[in-house]
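Here's a quick briefing for anyone opening this entry for the first time. Have a look at the sequence and the model, then read on.

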Amino acid sequence: MGKFILRRILLLIPILLGLSVLIFLFIRLLPGDPAGAILGERATPENIARVRAALGLDLPLHEQYFDYLFGLFRGDLGRSFLTNRDVVDDFLQRFPATIELTLSAMVIALAFGIPLGLITAKRRGSWVDQFGTVISLVGISIPIFFLGLMLKYVFAIEFPILPDSGRIDFVEYSIPKVTRFMTVDTLLAGELGGFVDAVRHLILPGIALGTIPLAIIMRITRASVVDVLNEDYVRTANAKGLPGRVVDSRHVLRNAMLPVVTVIGLQTGLLLGGAILTETIFGWGGVGTWIYDAVRTSDYQVIQSGVLLLAFIFVLVNLLVDVSYAFLNPRIRYS
Amino acid sequence: MRTWRWISAFAVLVLVLAACGTQGGASASASATGGGAESTEASASEEASAAPSEGGSGEPVSGGTLAFAGARLAASLDPSQTSDGESFRILQQIYEPLVDLAPGTVDELVGVLAESWEGGPEDTEYVFTLREGVMFHDGTPFNAEAVKANFDRWQNFPEELQANAYYYGATMNGFGEGNLIESVEATDETTVTITLTEASPTFLFAITLPSFAIVSPAVLESTNADDPTESTLGTDVTAGGTGPFKLESYTPEEEATLARNDDYWGDVAYLDRVIIRPIADPSARLQALQGGSVQGFDLVKPSDYETIQGEEGLVLVERLSFNSLYLGLNPTAAETEGNPLAELAVREAVEYAIDKEALIEPFYGGRGSVADTFLPPSSGWHDSVLAGVEVREFDADRARELLEEAGFGPENPPEVSFWFPTEVTRPYMPDPAGLHQAVTQMLEDVGFVVVPNSDIWDSPGYLEDAQNGKYDMHFLGWTGDYDDPSNWYGVHFGFDAEGAAATQFGCETEGLNDAIVAAEAELDPTARGEAWGEVAGLIHGDVCFITLVHGDTALAFTEDVQGYGANPTGSETFSTVWLTNGGE
């Protein structure tokens, strides 16, 4: 097991190196120029040359890359061109918000996805199953920005029962930022009302972000449960006269969950980096809005380091999934 | 069955949470912060009487918290390192310059940290008498040494800090020795003498920009402000300003909280606090206003004007234009063989063919004005410049006649390549593709054949190619930095070191260079206006540059917000704003 983990960790190094080259080059291939973005209409060739020189963008590409790479080895991911803030500091400040949103989306996805998957599997072909299939199709295909704006329109404006954006009502609550997880910080500050407000702020963006994983989890659960239901041991359990509930929880779900766990892991990794639209629509101060802004302003340093950090976290989550999978299923370790 | 129970339990939980504190979502103005602020002097109501929010009545009241949304927060908290409106919005509440624009104007100066000054456009020496008894938020006194420390700091910026110090570099002719600033002397505690290397009619206007705000020298030192990697002035909450609000907390991704400075030297602000939130998407900003999580926001999409005006409880506050959209024509661009724009008559036909007025309703939500000159009507120079310009009003028949005179007709129509930028909107250009389509239609109506082209705004593509004169015809525009024709016509037609600015438009107008040099050097205001009028007359007469529309912008507020004074330049303060319910 230890060897397996070690091998996977060593594999991270070439993956991240390759990623750093790819991201570095991709950004520079994309249209957009930081000096142009900073200066706008004022981008006379003279001004552009001055800003590019100050940002080090006038150096040859390979020199820029090696500067960046040496920085990475020293743990220095650079500073934003636009704000001169340390990229790692900015990332760490914003990441808790993104984790919080991701967890909220996953809670919603799991709370609805697994039960719906189980029900539709057990009632294959019934109207419940058909309905579930439609829901999952809609969930996968509805664009997040549309869903987000609609959710806000209905639940925040027409029937104002939930807040439209942000992480907490700053007018009402002034919460010291300790962990930067709003739900945790409100509790640490002893603000129960603030905690409820923070959770209320999580609901709409959580639903918007959670629909895709919900649909995927539901479909995987359904497929997996259908497989397990056909297994001999389930038939035996039923034949023994075990109550349905016990068969479901002890035999069906437990065995059907393995593929679902993998999907949950992968989806969590994806959500951590994929919340850009949801965060932008809901004015959510996470990593997504940060990268969105950086792309709009061609802030290379933030894009390349921010994306690299997200990629690092994604492969790390993947590694954890693989390890847990190997732990759950010994056959993996030897393949 | 068990699973259904889980689902219903979760749904109930969601509903319970939704129900909790519904009133908080519906009315964000129900502030928990205590009022108790002393009532301010009646004199402050003078600005407040320019209350843009209609329907409000009575005297201003103190107290309450205003939640406001911009597109983003400040790029930096170091005023000298910023040049964009979003940064200025926050910083000009906290920091103050020596002089500023009078509320609602772009051409009237008032003393802020300077009580008075001697010196004008024709002088090289300015003597500022500073306001006495002003304290920085950190408790240190504001004095002549503080002013000198800031001016010296800007002039001696290390290279890394020069990149984002756009306004200092642009208005003071660069950095270091040999720029516009000869010396800054603290003559005594309350007197500062600034000597320039040459007379500059724009110096006083330049230092009204928030980038020239004075920061406490103690804070400059404690934040290592001049060390590009160690400086925390741009990132941390400091008490370095003198303004009507202090920065209370700042999370760049979430909020900037400003608290009233009760020791302010002038009229103390009404609001207890102002919370500014970044919401990048304009539709999301509107939804935040409708949903009650903010009580005001800036940069309303023109297509939303109608929605806001039609919705009870919301008010649209107009900000007069300080910008201009223009069409650049370049007869020397080699895009089209035998470029028809080489003929003056064809270029004139382009201007006659365009119904500028018809662009305002669909693209600017009806808010804007026809641009007969580059300078908008809000500029103090508008009239004198306009006097020098021969205006061509929309006349499609005249356009057809001119084309015919130039030898073009249905068999051999003049063909032009016409460019617009993508992935950008600007106050003067809310919908580049739509505007392009509309103008194309107008040109085709009089007999042009238009080849549509586009490129991405800030890739080196569009901006660079347009400015290097690669396009036959292109859209671009300008938002003024300060009110002087040199910042408009001068920037576009004057020659900089590389001669670049002048290559954007292909006309080689006879006498233009001399006229610009003369106008730049003219220091007497009346003669200066006339001189720039002459420059404008030459430029518009040659028709390589057709100004189209000055686009107004707008903010939106809930009706309980009063006293916001919009300024064309965006030089706006929250200190005159009050809530009708005082935040109760």
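Among contacts in chain B between residues at least 6 apart in sequence, what percentage join residues at least 24 apart? The figure is 72%, where two residues are in contact if their C-beta atoms, placed from the backbone, lie within 7 Å. Keep in mind that this is a predicted model: local features need pLDDT of at least 70, side-chain atom pairs count only at pLDDT 80 or more, and totals for chains, interfaces and linings use all residues. Residues are numbered from 1 along each chain as its sequence is written, while chains are lettered from A and ligands numbered from 1 in the order in which they are written.

**Overview and confidence**

- Chain B has 20 helices and 21 strands; helices (H or I, at least four residues) and strands (E, at least two) are DSSP runs, numbered from the N terminus.
- Of the 584 residues in chain B, 54% are buried, with 20 or more other C-beta atoms within 10 Å of their own; exposed means 12 or fewer, partly exposed is in between, and C-beta atoms are placed from the backbone.
- The average pLDDT of chain B is 87, and 88% of its residues score at least 70; pLDDT is the predictor's confidence in each residue, from 0 to 100.
- Two stretches to treat with care: residues 21-56 of chain B stay under 50 in pLDDT, with 87 contacts beyond four places in sequence in the model, and residues 497-501 of chain B are also below 50, with 14 contacts beyond near neighbours in sequence.
- For the complex, the predictor gives an ipTM of 0.80 and a pTM of 0.83.

**An open sheet in chain B**

- Look for 6 strands in the order β14-β18-β13-β17-β15-β16, forming an open sheet with mixed pairing; two strands pair if DSSP finds at least two bridges between them.
- β14 (368-370) and β16 (449-456) of chain B are at the edges with a single partner strand each, so one side of each has no neighbour in the sheet.
- From one strand to the next, the twist averages 30 degrees.
- Helix α13 (residues 357-364) of chain B packs on the sheet, touching β14 and β18 (545-551), and its direction makes about 45 degrees with that of β18(B); axes are lines fitted to C-alpha atoms, for helices over the stretch in contact, and angles run from 0 to 180 degrees between N-to-C directions.
- Inside the sheet, β15 (residues 415-422) and β17 (residues 473-479) of chain B pair in the parallel sense over 2 bridges, and B:Trp419 stands opposite B:His474 in β17(B).

**A helix pair**

- The axes of α12(B) and helix α15 (residues 396-405) of chain B come within 8 Å and cross at roughly 165 degrees.
- That makes α12(B) roughly antiparallel to α15(B), a label for angles over 145 degrees.
- Residues making this contact include B:Ala345 and B:Tyr352 of α12(B), and B:Leu402 and B:Glu405 of α15(B).
- B:Ala345 sits in helix α12 (residues 344-353) of chain B and is partly exposed because it has 17 C-beta neighbours inside 10 Å.

- Most residues other than glycine have a negative phi.
- B:Asn224, not a glycine, has a positive phi of about 50 degrees, and lies in the loop between α9 (217-222) and β8 (245-251) of chain B.
- B:Leu299, not a glycine either, has a positive phi of about 60 degrees, in the loop between β11 (296-297) and α11 (305-310) of chain B.

Technical notes: Parallel < 35°, antiparallel > 145°, perpendicular 65-115°, else oblique.
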